[in-house]
Amino acid sequence: VVPATAGSPHSAGAEPAKEKPPTHKCDVPGKGAIKARVLDVTSTSKGPVSVGVWDEENVRARTSNANGISLRKRLPKFANMFQAARLALAQSAWYHSRLACKVRTITQGKLYACLMVVALLLALFMPSIWVIAGVNANAGLDVVLTLVMFLFVLELIALTAVDAAYCFSFFFVMDIIGTICMIFDISYMLGSDNTAVQTSKDSGQKQNITLLRALRAAKVGARAGRLSRMLRYVRFLPFISNSSANESTGIASTVSGQLSNLLATRVACLTIILVMVIPQFDIWTFPSADYSLQTWAERISDDLARGKRDQAQAELIHMVEFFDRNAYGPKPYKACIGFESSTSAFDCQEVMVNWNPSGSPPSRMASSLLATTSSFMIAFNLHKPISLEAGLAMATIFFIIFIMVFSGLALSNVVTELAVRPLERMLDTVRQIATTVFRFTAEVAQGSDDDEATDVDNSSEMKLLEKVVQKLAVIADLQTRKNVPTTADMQDEDIGILSMMEGKNIVERTTVHAWRSTLAVTQAQRRHTSSELRIEDFGLTEEQYDSWGVNTVDLNTDQKIAMAFYTILNYPLAGEGFITCAKEEATLQRFITACDVEYPPNPFHNFGHAVDVTHAVSKMMRLIYGQAFLTDLEQFSLLIAAIAHDLSHPGVNNGFLSEIGHELALQYNDRSPLENMHCAKLYMIVAREETNVFSKLTQEQYRQSRKKCIEAILHTDMMGHQAMVKDLQMMLQMNSEIFTTRHDGTPPAVEMEVFSSDERKMLVLDCILHSADVSNPCRTWEVTQAIAHLILEEFFAQGDQEKMRGIPVQFLNDRENLNRPNSQIGFIEFMIAPFFAAQIRLWPKLHELGSNLATNVEHWERLWVQETTPVDEERQKVRTRVERVAQSLEDARLRIPS
């Protein structure tokens with residue numbers, strides 16, 4: 001529902017009319033200035049609560065969802081037309097004229113409602129009462145029903161002219177149907193004549209029976225359709241009206257009234273539709289009872305025609321006994337010999353006597369039925385069956401009213417208990433929180449320019465929520481400017497209070513600072529004992545080492561071990577790493593050597609790849625300024641995870657292991673079996689004292705480090721790739737106002753603060769290791785191309801095994817059918833580009849990876865053209881894909897919203 005505007009009499013905390021006048025105002029003599037209330041398109045035209053004023057702004061609000069996406073495009077064309085018509089009516093000069101306001105006031109009054117209820121009851125029940133009473137006349141019934149029909153037509157015109165929400169609504173359509181169908185009850189239109197005798201034999205007997213039953217079904221359906229009017233007057237019942245809605249300043253009562261009204265309306269509509277549809281099925285049922293009357297007439301007529309008068313007399317007596325067996329049913333009261341006449345139903349020449357008829361002529365001639373042949377007629381009194389039918393029709397209507405009213409009440413009570421009461425409690429809590437927030441804001445914003453006072457008691461909950469958000473933003477801004485208090489001289493209790501106030505672990509942060517301070521002290525001691533290893537010792541220049549053009553494939557085993565040792569030892573800077581003494585250096589050296597032994601000589605997943613990933617991790621952590629929000633232990637743990645992330649890799653993927661039922665797949669239940677195995681291998685190496693690089697950690701530090709290593713390695717499984725991309729994009733969206741400024745230097749503190757929570761830091765660690773693991777397409781072209789061929793060669797080797805085992809060959813593993821350049825274009829477009837684009841938006845200094853990626857995808861495109869010579873149309877499609885990738889990466893670098 002659309003909240004009422006501040007000027008609406010139903011809005012919470014409405015301002016006086018002199019400050020914000022109503023949107024629609026009508027001056028009606030004797031009534032003063034009243035507001036023309038018009039419900040929006042989602043509510044009933046006569047609902048108990050008006051929750052919105054019909055204006056262009058509300059129409060736009062009702063046709064847009066929470067994200068600002070227009071819903072008009074989703075609506076059928078005719079729905080837009082109806083909505084436009086309602087809006088045009090609401091904005092017309094007539095709609096706000098004095099006469100229209102006067103008519104609107106009358107149609108919303110109780111006197112008018114009582115009059116229409118009486119008219120509705122007459123339309124529903126008077127035709128049936130007329131039958132039961134046996135009145136042999138049409139005048140009285142026709143006069144009353146004509147007046148009722150005139151009132152219905154007048155109401156239809158009036159509401160269409162003065163109620164914008166009524167036009168083309170459910171009630172509008174049902175009122176038209178109900179009004180038109182009254183012609184089936186008025187004798188001078190299409191209704192039955194109460195003074196005319198019915199006959200069972202006219203031209204086309206079977207067709208007339210079907211037509212008769214169809215007309216009866218239509219009449220029942222028409223009366224049921226008129227019940228829709230009852231919905232608009234139910235609100236005047238004392239146990240349904242919600243008087244508190246007008247007195248409450250909150251929105252809970254308004255929501256309750258609207259929700260209850262909508263639920264009751266829908267239940268009633270369903271009931272009405274069922275009652276209108278069900279009688280239609282009775283049209284085609286076999287009318288066995290209608291044939292028995294004619295059968296007796298034809299049987300006796302045949303006896304008379306053959307001169308068997310005594311037998312005919314006996315048949316008459318037998319017929320009386322046949323119909324006297326049950327109280328219900330037709331009663332014969334006259335039989336005669338004659339002929340069919342054009343002026344009357346049948347002209348009797350001789351009346352049959354001495355057969356003791358059980359019936360008598362009915363007082364209402366329409367309750368008689370003549371079963372005739374060409375020479376014989378039997379008259380039946382059908383007053384009892386017809387009266388019973390009319391009584392059942394009335395009982396059906398009463399039952400429908402019962403279902404409408406009490407089912408609606410039951411649903412409303414359920415909704416009130418399950419939704420409205422909790423909503424009221426929640427909104428009360430909002431008021432309490434608002435009071436606290438406003439008081440706290442006044443305390444922390446001493447001397448600020450925000451002197452606005454908020455009346456909590458008289459403001460709507462929605463307005464309070466809006467202001468609470470604004471105030472919380474002020475609090476956050478003010479709090480982030482304050483320095484973190486020092487905890488050196490504080491007791492544990494004081495630190496605990498600070499932790500509770502700030503929502504952060506002050507003890508952990510203090511411990512981190514102390515740990516770093518200890519490292520800074522020990523660095524001066526270890527510089528005399530640290531390794532003198534240089535970059536040139538493992539075959540690279542400093543320029544090569546600092547670039548994205550390092551290719552570890554060209555290094556021998558000793559050079560790879562030396563490069564890994566140098567990378568971990570000198571992170572973040574030379575002489576400032578986590579390793580602090582010669583003993584720890586020796587342990588690290590043995591650890592790296594042990595890792596080298598555990599890596600099989602695969603084309604790609606080998607020790608060279610592990611060294612390459614370790615180097616990429618260290619470089620990325622520097623570029624994103626990881627030191628600003630990651631602890632030294634977290635950074636060191638990630639480097640260890642990098643060197644060990646593919647330990648004992650068999651050269652096949654998880655899908656292959658699961659397909660063949662490998663012991664690793666069985667051991668880890670097909671859930672990242674390779675990654676789980678890598679973690680296990682890492683801690684088997686660490687379990688040995690001579691290779692335990694975590695030996696100096698406390699038990700708590702070791703537990704935290706192990707948790708982060710395992711988490712990061714498990715997230716190198718490509719099955720979690722898309723989820724990681726979504727997590728990065730979600731972090732961007734939640735902090736979109738922060739990551740908008742373009743910069744190439746040190747990121748502002750407000751950006752670093754985004755990554756400071758434990759959950760965000762873990763996401764960053766996972767992201768860095770996974771990025772380094774799949775960063776091959778982001779290197780210089782020479783490195784990218786060389787490593788891509790190694791990767792594909794490993795894939796093809798797996799494909800050969802799949803063919804040999806007779807299992808499905810994964811597409812990228814089919815060396816005979818795969819187009820290598822095209823596979824790289826797809827891999828970059830769908831997997832790598834979105835991943836790195838999100839990271840570049842977060843950390844602009846990674847833009848070189850995006851530039852390399854855009855360049856490399858163009859190289860792969862050229863190779864694809866050379867190898868396949870595609871047609872122009874296909875070539876243009878690929879060109880468009882490549883350009884889209886390059887544009888997305890450039891937009892990420894410039895932080896242009898996607």
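## Basis of the description

Because the model is predicted, local features are given only where pLDDT is at least 70 and side-chain atom pairs count only at pLDDT 80 or more, while totals for chains, interfaces and linings use all residues. Residues are numbered from 1 along each chain as its sequence is written, and side-chain values use heavy atoms, with hydrogens and water left out.

## The protein as a whole

The protein has 32 helices and 7 strands, where helices (H or I, at least four residues) and strands (E, at least two) are DSSP runs numbered from the N terminus. Of its 898 residues, 47% are buried, a term that means under 20% relative accessible area, whereas exposed means over 50% and partly exposed lies in between (1.4 Å probe, protein chains only).

Among contacts (heavy atoms within 4.5 Å) between residues at least 6 apart in sequence, 73% join residues at least 24 apart.

## Helix α18

Helix α18 runs over residues 557-569 and has 13 residues, and the distance from its first C-alpha to its last is 18 Å, close to the 18 Å expected at 1.5 Å a residue; the expected span is 1.5 Å times one less than the number of residues. The helix is mostly covered, with 11 of its 13 residues buried, among them Lys560, Met563, Phe565 and Tyr566.

At the start of α18, a side-chain oxygen of Asn556 comes to within 3.2 Å of the backbone nitrogen of Asp558.

## Two serines with positive phi

Ser648 is placed in the loop between α21 (632-644) and α22 (654-660), and its phi is near 60°, a positive value in a residue other than glycine. The relative accessible area of Ser648 is 17%, so this residue is buried.

Ser672 lies in the loop between α23 (663-667) and α24 (673-686) and, although it is not a glycine, has a positive phi of about 45°. With a relative accessible area of 19%, Ser672 is buried.

Note on methods: A polar contact is a pair of N or O atoms within 3.5 Å; within protein, one must be able to donate a hydrogen and the other to accept it, and residues adjacent in sequence count only if both atoms are side-chain atoms.
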